[in-house]
Amino acid sequence: MATHRKSQREQQKSRSRHRLIARATALCERRGFAGLATAEVARRARLSHGAVFVHFPTRDALVAEVAGAFAREVTDRLHALLRDAAPLRDVLYAHLRAIASREDLYRHALMDARAMPKTFRSSWIGIQSAVSGYIARAAEREIARGTIRPVAPHLLFNTWVGLVHHYLMNRNLFVRGGSVLEAHGRMLVDHMMRLLATKEARP
Amino acid sequence: MSATTCISCGMPLRTAQDHAAGDPSKNYCLHCARPDGSMKSYDEVLVGNAAFLTRTQGLDPHVARETAKAMLAQQPAWRRQ
């Protein structure tokens, strides 16, 4: 009986934790990470303010949890979209689709990252390196085949992500509403592939 | 559903090949394993992860090392380092 009660308490605790993370994620998606207020997270999760700190010792720990879960979601989605030895074009599209599924949250993370605690920034940098790794492996295969020009992995990634992040950060300049990556993703991928193509591989 | 992750570096362990020595019973990844299958030390993993950050994003080596430290501090194998 005591074991059953303990198990019920653990299940309840786990549900509360998940509810807090879900409500915090929804708030970050709407207003960004920097302004996340633990009192509002608690209210929306229908828990006491103190309950937040049973699960997360500080506000930063809650924000780090949201960022870590988001990082895993983006890289899991990217992985799920790719088949083995996918061409570079497909990897770039998959990257955009992985971001577009959570475009608002990603955009807020991008805008807020520099002002956030170290754990948040390391998760953010981790996402970028994971994506860069996928891009680099696809690029290596195409460089070997002579379809794209040799480019160092970090310069290839920084060129691509600089372009994508510019469109995300200045979204209001490129679309009147909705997803900027849905609207302009194909153009960005086509542009990148044209920049990289060897003379022989150009259409 | 999200995969389990390497206790050392946090890499998702999605397939048997992602695990050390291709052995799903090992809870660390192929990158955190030595050639004999044992798990690398903290310093070995730190150096490897910092090099990966520099190779993939061009981070300054000092920034890469500090970032790798922050990443490893969140992993079960190294939380007490």
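**Entry 1: a buried pair in chain A**

I began with Arg171(A), which forms a salt bridge with Glu103(A), the closest N and O atoms lying 3.1 Å apart. Arg171(A) belongs to helix α9 (residues 171-174) of chain A and Glu103(A) to helix α6 (residues 103-112) of chain A, so this pair ties together parts that are 68 residues apart in sequence. I then looked up the accessibility of the two partners: Arg171(A) and Glu103(A) are both buried. A reminder to myself that I am working with a predicted model.

**Entry 2: other salt bridges**

How many salt bridges does a search of the whole structure find over all chains? I noted twelve.

Next I turned to Arg17(A), whose side chain meets that of Glu65(A) in a salt bridge of 3.3 Å, N to O. Here Arg17(A) sits in helix α1 (residues 2-31) of chain A and Glu65(A) in helix α4 of chain A, so the pair ties together parts that are 48 residues apart in sequence.

In chain B I picked out Glu66(B) and Lys69(B), whose side chains meet in a salt bridge at 3.5 Å, N to O. Both residues are in helix α2 (residues 61-72) of chain B, and because they are three residues apart there, about one helical turn separates them. Glu66(B) counts as partly exposed at 29% relative accessibility, and Lys69(B) counts as partly exposed at 33%.

I also jotted down a network: Glu29(A), Glu73(A) and Arg102(A) are joined into one by salt bridges that share partners.

**Entry 3: where chain A meets chain B**

On to the interface. I find 21 residues of chain A in contact with 16 residues of chain B.

Which side chains meet in a salt bridge between the two chains? The count between chain A and chain B is one salt bridge, and I traced it to Arg14(B) and Asp76(A), at 2.9 Å from N to O. I also looked up polar contacts across this interface and found ten residue pairs, both residues at pLDDT 80 or more.

Which helices of chain A each supply at least two residues of the side that touches chain B? I wrote down α4 (59-81), α7 (118-145) and α8 (153-169). Of the side of chain A that touches chain B, α7(A) gives the most, with 13 residues. Sorting the residues of that side of chain A by type, I get five nonpolar, twelve polar and four charged.

**Entry 4: cysteines of chain B**

A disulfide is a covalent bond between the sulfur atoms of two cysteines, and I went looking for one. The count comes to zero disulfides over all chains. Cys6(B) counts as buried, at 0% relative accessibility.

Cys32(B) is buried, with a relative accessible area of 2%.

**Entry 5: positive phi**

Last, the backbone. Most residues other than glycine have a negative phi. What is the phi of Arg46(A)? I noted a positive value near 55 degrees, in a residue other than glycine. Arg46(A) is placed in the loop between α2 (38-44) and α3 (49-55) of chain A. At 77% relative accessibility, Arg46(A) counts as exposed.

In chain B I came to Ala21(B), which is not a glycine but has a positive phi of about 55 degrees. Its place is in the loop between β2 (12-13) and α1 (42-57) of chain B. Is Ala21(B) buried or exposed? I wrote down exposed, at 64% relative accessibility.

Conventions: Residues are numbered from 1 along each chain as its sequence is written. Chains are lettered from A and ligands numbered from 1 in the order in which they are written. This is a predicted model: local features need pLDDT of at least 70, side-chain atom pairs count only at pLDDT 80 or more; totals for chains, interfaces and linings use all residues. Side-chain values use heavy atoms; hydrogens and water are left out. A disulfide is a pair of cysteine sulfur atoms within 2.5 Å. Buried means under 20% relative accessible area, exposed over 50%, partly exposed in between (1.4 Å probe, protein chains only). Contact means heavy atoms within 4.5 Å. A salt bridge is a side-chain nitrogen of Lys or Arg within 4 Å of a carboxyl oxygen of Asp or Glu. A polar contact is a pair of N or O atoms within 3.5 Å; within protein, one must be able to donate a hydrogen and the other to accept it, and residues adjacent in sequence count only if both atoms are side-chain atoms. Helices (H or I, at least four residues) and strands (E, at least two) are DSSP runs, numbered from the N terminus. Ala, Val, Leu, Ile, Met, Phe, Trp, Tyr, Cys and Pro count as nonpolar, Asp, Glu, Lys and Arg as charged, and the others, Gly among them, as polar.
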